[in-house]
Each structure stands twice: as structure tokens, then as C-alpha cells.
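Hello,

Here is the structure for you to look over. Some notes on what was found in it follow below.

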Amino acid sequence: MAENTKQTAMAGSTGAEAELDMDQKHAYVREWLEKVFTGEEVPDYEINSQTIDCLYRMARQNETREREAEILMEDFEQKTEEYAAESHWCEHGCWLSPTNCPPQLQLQCENSLIPSLHSCALQHTHTH
């Protein structure tokens with residue numbers, strides 16, 4: 001698909017869809033189908049305005065869902081890293097010493113109750 005067709009098609013507004021003629025929509029649909037059927041032959045389909053419009057809407061919805069899924073996966077990966085860092089932090093008793101916190105948790109360590117917990121723990125160990 002030509003780059004300008006894809007940019008126009010991906011604009012996301014219904015006005016952009018109205019700007020595309022059937023040939024542009026068909027080129028968009030064809031590229032999407034080739035991506036969907038990677039390594040396989042794209043099945044035959046009737047080329048008329050109703051079919052192309054339907055496949056075009058389907059392609060747009062599918063690509064929107066793929067982008068949403070990618071965003072969710074990135075969020076899950078980020079949360080996994082954060083939870084792993086926090087787990088490591090808790091397992092190794094870093095909560096008693098803000099200077100031992102991993103870099104991604106340093107701000108949390110400095111701005112939380114950790115300094116007072118640390119001094120409380122030190123007082124407790126020195127008095128007993």
C-alpha cells in the first residue's frame with residue numbers, strides 16, 4: 001500500500017475513510033489480508049464496494065485491537081518488572097535501609113516511611 005494511503009487510512013476519523021476511494025481501500029485491505037495470511041495464499045473475495053467497505057472496516061478494527069493489545073502487553077511487562085524489583089526489595093530487607101534500594105525504587109524509599117522505620121529499627125537493636 002502506498003504510504004500516503006496508509007497514513008490517510010490510519011487517521012482514524014470517519015472523514016478520512018470517506019476521502020479514500022475504492023482503489024485505495026482495496027489496496028489497504030489487500031495489504032492487511034497479506035499480513036493476516038502470511039505465508040499462505042489470500043483467499044479469493046469479490047471486489048465490489050460493499051465487500052471492500054466491509055473488509056476495510058474489519059481491517060481497521062483488527063489493527064486497532066492489535067494496537068490496544070500491544071499497549072496492554074507493554075503495561076504488563078512494565079508491571080512485571082516493577083513487581084519483580086519490589087519483590088527483590090522486600091526479600092532482601094532493603095526496607096530497613098533506603099540507600100540499599102534499587103534505582104527504580106529509590107524515590108519510593110526516600111519519600112516513604114522507610115527512614116523512620118530504619119531509625120526505629122536501629123533504636124530497637126541498640127536498646128536490646
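Buried means under 20% relative accessible area, exposed means over 50%, and partly exposed lies in between (1.4 Å probe, protein chains only). This is a predicted model, in which local features need pLDDT of at least 70 and side-chain atom pairs count only at pLDDT 80 or more, while totals for chains, interfaces and linings use all residues. Residues are numbered from 1 along each chain as its sequence is written, and side-chain values use heavy atoms, with hydrogens and water left out.

Salt bridges: the structure holds 6 of them, each being a side-chain nitrogen of Lys or Arg within 4 Å of a carboxyl oxygen of Asp or Glu.

Arg-30 pairs with Glu-34 in a salt bridge (3.4 Å, N to O). The two are 4 residues apart in helix H3 (residues 22-36), so about one helical turn separates them. Helices are DSSP runs (H or I, at least four residues), numbered from the N terminus. Arg-30 is partly exposed at 32% relative accessible area, and Glu-34 is partly exposed at 44%.

Another salt bridge joins the side chains of Glu-63 and Lys-35 (4.0 Å, N to O). This pair links distant parts of the chain, 28 residues apart, with Glu-63 in helix H4 and Lys-35 in helix H3. Glu-63 counts as buried, at 10% relative accessibility, whereas Lys-35 is partly exposed, at 44%.

Within helix H4, Lys-79 and Asp-75 are 4 residues apart, about one helical turn, and their side chains form a salt bridge (3.8 Å, N to O). Lys-79 is partly exposed at 33% relative accessibility, as is Asp-75 at 30%.

Regards
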